[in-house]
Amino acid sequence: MTTISALQNEYFQALCMLDESRACDVIHRGLDNGFSPEDLLIKIVIESIDRMNESLLVDQEINLAQHYLSARISENMAMLLLAKFPSGGDSPGCIVLGTSIGDYHGLGKKIVAGCLRAHLFQVIDAGTHVSPEQFVDLAITHNAQIIGISSMMAHTAIGPEGALGVRKILQEQGLESRIKIMVGGAPYRFDRELYRRVQADGWGENGLAAVETARRLIMEVTP
């Protein structure tokens with residue numbers, strides 16, 4: 001019987017070799033063996049992205065070109081799986097989603113947006129390199145209950161142009177009860193208390209965890 005661990009190892013090897021055809025075959029075999037799209041996304045695609053990031057930033061076993069091309073493959077596999085997520089029901093709420101100033105890494109944001117949309121959230125994609133003012137303006141314009149800020153790098157997560165900057169504006173405008181802040185990305189997985197230090201209301205370890213966090217935060221919103 002094919003195990004998720006075996007599929008994960010084979011997928012990661014395909015990613016390292018930049019073999020998209022083989023990576024796609026692994027995903028389809030996982031589906032054929034009865035694994036859910038959610039499991040394959042979290043346990044294979046996202047975990048492999050984390051391993052590639054570690055190989056680049058810590059072990060330095062791959063170069064930037066390999067990292068970029070593997071990210072493109074991962075994005076295609078993520079979109080393939082997200083299209084297979086079950087959906088149905090009423091929309092729980094609206095979220096403005098983007099990366100903070102100085103952060104142009106959009107793959108994690110796309111995966112989170114896909115998971116949220118699959119669970120019927122309205123997602124306003126603010127893009128990358130988004131200022132605190134832009135986040136808040138979009139949230140007000142679209143009557144969003146949550147601002148989601150994705151960060152790949154520690155300095156963009158903890159800097160004044162990230163969640164801290166958004167919190168400052170919400171405080172100044174008296175919007176803290178109406179709009180909650182959710183964060184996510186690699187720095188928060190390395191330090192699980194970091195979200196508190198940047199004054200966010202919650203964080204999501206991955207796309208599906210972000211869905212659960214978003215549902216909880218919306219329950220805390222008061223008009």
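Contact here means heavy atoms within 4.5 Å. The structure is a predicted model, in which local features need pLDDT of at least 70 and side-chain atom pairs count only at pLDDT 80 or more, while totals for chains, interfaces and linings use all residues. Residues are numbered from 1 along each chain as its sequence is written, and side-chain values use heavy atoms, with hydrogens and water left out.

Not counting residues up to four places away in sequence, Glu20 touches Ile73, Asn76 and Met77. Glu20 lies in helix H2, residues 20–32, where helices (H or I, at least four residues) and strands (E, at least two) are DSSP runs numbered from the N terminus. With a relative accessible area of 32%, Glu20 is partly exposed, a class between buried (under 20%) and exposed (over 50%), computed with a 1.4 Å probe on protein chains only.

UniProt, in an unreviewed entry, places the feature "domain: B12-binding" at residues 92–223; such annotations may be inferred rather than shown by experiment. Over residues 92–223 the chain is 45% helix and 22% strand, with its end C-alpha atoms 15 Å apart.

Strands S1 and S3 run parallel and are joined by 5 bridges, and the bridge partner of Val96 in S3 is Ile147.

| Strand | Residues |
|---|---|
| S1 | residues 94–100 |
| S3 | residues 146–150 |

Technical notes:
Two strands pair if DSSP finds at least two bridges between them.
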